[in-house]
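Please open the model in your viewer and keep the selection panel at hand.

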Amino acid sequence: MIVAKFGGTSVADHTSIEQVLNIIQSNKTKQVIVVSAFGGITNAIHEAAHMAANGNSDYQKIIDQIEKRHISTTKALIPVQSQSSVLSQVKQQINALSTLHEGVYLLRELSPKTLDHMLGFGELLSYFIIAKAAQSRGMDVAQKNARDFIFTSSNAQPNNVDYDKTYSAIISYFSNSKQNITLVPGFVAQDADGIPTTLGRGGSDLTAALIACALKVERLEIWSDVSGIFTAHPKFVKQARTIHNISYQEAMELSHFGAKVIYPPTLQPVTELKIPVLVKNTFKPEEEGTWIAAQTKENGGAVRGISHIDNIALLTLEGSGMIGIPGYSKKLLSVLAQHQINVIMITQASSEHSICLGIDKSSADFAKEKIEEAFEYEIESNKINPILVEDNLAIIALVGEKMKSHQGISGKMFSALGKNNVNVKAIAQGASEKNITAVIDDVHTKKALNTLHEAFFEEQIKQINLFITGVGNVGSKLLEQLYKQKKYLRDNLKLNVRVVGLSNSRTMATNASGINLKDWKNALEKGVKADSDAFYEIAKEFNLRNSIFVDNTANEHIAHTYARYLENNISVVTCNKIAAADELSHYQKLKHLARKYNAPYLFETNVGAGLPVIDTLNNLIASGDNIHTIQAVLSGSLNFVFNEFNDQTTFRKVVELAMDAGYTEPDPKIDLSGVDVARKILILARESGLSLELNDIENRSFLPQSCLNTPDNEAFLTSLDAHSDHFESLYESAKKNNARLKYVAELVDGKAKVGLKEIPEGHDFYNLEGSDNIVLFYTDRYKDQPLIVKGAGAGAEVTASGIFADIIRIGKQ
């Protein structure tokens, strides 16, 4: 024999009920079937009852909806020729429920006993309709009201079962039962005086467990709308998977901390008799589900699951008068027990200076009031402080029986949370080490669950979430590279890189589940109007782990948004030089925020596009080397311009060629004026530890002032024609001296300058081709022969690859 319980979602409508009947028919073993009320009915009755007690006559509308739903379900399940008697009985039950509500409405009073009586109607209606539907199929079904053999103690507290009387009555009934299938309503019971009661939250599960234990059945089956117990709540963690085998203790811990597939009271009686429990999905019966037993069959990891509870408040009792004085804990817990306030977790500092309690948020104000009443003298005499209440919290818990034999679980847990800026307010762990519990702000619940699931269950594949602004030359190449390398990153670097936000100057698109990079242009076209503030707010609202804001623009406003991203633990990767070359105080602030919130701020491409210039410099300094001199050609665009410029072409045509190739900034004056190079050497100076401002950089510009003063690109190009003699004279001078023109940046003894130089043959800069960059580092270790970094220093593709490298650098941390 087996006992199978079908929950509210499994019997929500006639289609679901037909699926339940198919499952019952497919099992040839003798069965006891326990059913819940139709999904949502118990809550509807509860709402209507309180409306009636408050004098709101609209309670009748809810009763009418309940009647309509049961009538329509009956008509859909029962053949027309058999409907009359069933509908008559359903209407009788609805009338009785309506009468009870009317009495409450007239008296404006709702006693616990009356509410218990009312709440049981959902199950009584459900089991009756389902039993009649089964009989109409020709199934050998008996129906039995659970109130005939489930008894609670006289005080009628939820779940306070009279086990001896209940087991005796169950055995007595089923010893004489001849039918192959018996349908029973869950949740309902009666006390010793025959007054209707209920078994409280999860009561239908408990009904099934009681019958299973009394009859010592082969197994207990729990059917719902999920395929077993998951490693985490699948609504919050998409990668959550079914745990196929789990122990009673692990299942009980997970259920206590919010896993609603099964309730703790259900497991208590079956654990004693070691009756296996199978949790299955009504709508996917072919899936394996979860077996709960004394011994698990699979060799899972130390952590078996992650669970959470929302709507938590943390109460803190603290004061210097508590230290070394016994009795405070007892008194505190006694007050809460006296007023039936459930304590979900408790932790006490070893200094005995404070005790923290986690309770349901709805009880917080009442609990504070009662505790302060009980400790009135101690508070007035300043032995303890008034109760501190923090709400809008959640509890997360790691569960696993094997955690006690594995070192480093808690360290790994809190390290993962810390890296994602999830602040832990309280921690609790029992000596049995079956769970580690932490209290966090509820806004971080989803991020925390995903972070921990990734750390303990996902083959160490780390998910990176990108919010990208700027999809022009550099941005589009970056997206192309991300799409092309997605499989490589996952297979070889264990990184799952997703783009969850895209924005250009016109539109933006976001998707917390990831934007399809194969079709990103279409997604962006269908997006909403671009707004940098709204883009940030969405990134903040998504609150995804390992988030990175990527700036592919040269926009000053965007550069000034970095701080708020960093403050929310969102890393920043950028090719935009404005922030790093801004006022020193702003640069220092960004570096400080990156350290404080563990959110890297990387800008490798600010100096050498895809070249590892900043990384090389940082590694030299970190290893204890001292920087004496930096000499560099840092403008790929200027190097291209002067490599291409000769007596066969005009300076304007070469500049236009550089613009068309994407080597210059949108405003080419930024490159040709030397400002861009000045910013780059400033960044290297700051990364070397120097406190310089942009105006500290000596800039010997080769452009006439009238060219610099032009209002737009067309006027600028025209001005280059007007000064063609000036540019030709620069070329002729270098040619005469057998030299080549290079725009050079230098940092010597703490002072920096940039300007056009004639580079003689034999110098490291002389043969620098195309748009290449070169940086010479002279240090304590590299005195005579410098450390050289050389390569392509401009172009969308190499800049995109540099941004890509920074993203990977963060991902591998």
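The model is predicted: local features require pLDDT of at least 70, side-chain atom pairs count only at pLDDT 80 or more, and totals for chains, interfaces and linings use all residues. Residues are numbered from 1 along each chain as its sequence is written, and side-chain values use heavy atoms, with hydrogens and water left out.

**Stop 1.** Select Thr231, in the loop between β7 (219-224) and β8 (245-247). Helices (H or I, at least four residues) and strands (E, at least two) are DSSP runs, numbered from the N terminus. Thr231 is buried at a relative accessible area of 3%; buried means under 20%, exposed over 50%, and partly exposed in between, with a 1.4 Å probe and protein chains only. Its side chain has a polar contact of 2.6 Å with that of His453. A polar contact is a pair of N or O atoms within 3.5 Å; within protein, one must be able to donate a hydrogen and the other to accept it, and residues adjacent in sequence count only if both atoms are side-chain atoms. Not counting residues up to four places away in sequence, Thr231 also touches others, including Arg304, Ile306 and Phe457, where contact means heavy atoms within 4.5 Å.

**Stop 2.** Select Arg545 and Glu454, a salt bridge whose closest N and O atoms are 3.3 Å apart. Arg545 is in the loop between α18 and β21, Glu454 in helix α15 (residues 445-457), and 91 residues separate them. A salt bridge places a side-chain nitrogen of Lys or Arg within 4 Å of a carboxyl oxygen of Asp or Glu; the structure holds 27 of them. Arg545 is buried, at 3% relative accessibility, and Glu454 is buried at 9%.

**Stop 3.** Move to Asp533 and Arg564, which form a salt bridge of 2.7 Å, N to O. Asp533 lies in helix α18 and Arg564 in helix α20 (residues 562-567), so the pair ties together parts 31 residues apart in sequence. Asp533 is partly exposed at 38%, as is Arg564 at 21%.

**Stop 4.** Select Lys577, Glu665, Asp676 and Lys680 together to display a network of salt bridges.

**Stop 5.** Finish with the backbone. Most residues other than glycine have a negative phi. Asn546, however, has a positive phi of about 50° and is buried, at 15%. Ala609 has a positive phi near 55° and is buried, at 4%, in the loop between α22 (605-608) and α23 (613-622).
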